Amino acid sequence: MVLLHALGEQAASWSGVAPRFASRYRVVNLELRGHGSSDRPGVYSFELMRDDVIEVLEVLGLHDVVLVGHSMGGAVAYLVAQAQPGRIARLVVEDVPPPFPRVRQVPERPKGALGFDWAVVPAIVDQVNDPTRRWWKRLTDISSPTLLIGGGPASHIPQELLVEVSETIPECTLVTMPVGHNVHQVQPSNFSDVVLGWLADADAKPVAGAPRFEPKE
């Protein structure tokens, strides 16, 4: 299982769920370029992050991967699953569709030292605001059974777009956990239950696909 964090986060953002996942999987918790202990080359894009992840998978010789991504990491995960359909066995994306037309302003840089390169922010915001929806065209290329977890009305992500994603990826289960954008941090136990339960069911029924889950209140 490979975990991909959100913009401005680090591998530690998964600390509430990684131990549970590690009870069933070998967990590889990556820090994407410009974040944490990874290099800060000053050049950033979803495509470059995709290529970085694929290179790590190649170097480590990882196959039959469960790829889990949150927010920015989820956008990268879509691209990896499109590019490496034979390597990604299962895809889990938390509260993010591919980039869609919107106006998201670049925030002011916080004062003091940061755990990531601030240059990542304008680069990613520029891609997130992409008006063409070009990212959506290859969702049908994702052959991995996919679990999409939405944060519900409390999230800043339009949840109707997650519905559209779930209806476009050939085999996709959509679960809503109405706690906002950072589902795995707000409800780590329930998030882990949903992900591990779906994975167990998807593994047991690879042809029929995974059923819809009703998360705990």
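This is a predicted model: local features need pLDDT of at least 70, side-chain atom pairs count only at pLDDT 80 or more; totals for chains, interfaces and linings use all residues.
I started with α4, which gives the most to the lining of the largest pocket, 4 residues. Helices here are DSSP runs (H or I, at least four residues), numbered from the N terminus. A pocket is an open set of points on a 1 Å grid over the protein atoms alone, where a 1.4 Å probe fits, with protein on both sides within 12 Å along at least five of seven lines; lining residues have an atom within 4 Å of a point.

Residues are numbered from 1 along each chain, and side-chain values use heavy atoms, without hydrogens and water.

Next I looked up the space in that pocket: about 420 Å³. Its lining has 27 residues, and A6, L7, S71, R104 and H181 are the closest to the centre.

Then I turned to the second largest pocket, about 150 Å³. Helix α2 (residues 46-60) supplies the largest share of its lining, 3 residues. Among the lining residues I found L30, E31, R33 and D52.

Last, the nonpolar core, meaning buried (under 20% relative accessible area, 1.4 Å probe, protein chains only) Ala, Val, Leu, Ile, Met, Phe, Trp, Tyr and Cys residues joined through side-chain atoms within 4.5 Å. The largest one has 42 residues, and V2, L4, F46, L67 and Y78 touch the most other members. α3 gives the most to this core, 8 residues. I also noted a second, separate core of 22 residues, including Y25 and F191.

Key. Grid points are joined across faces, edges and corners, and a volume is the space filled by probe spheres set on the points. Helices (H or I, at least four residues) and strands (E, at least two) are DSSP runs, numbered from the N terminus. Buried means under 20% relative accessible area, exposed over 50%, partly exposed in between (1.4 Å probe, protein chains only).
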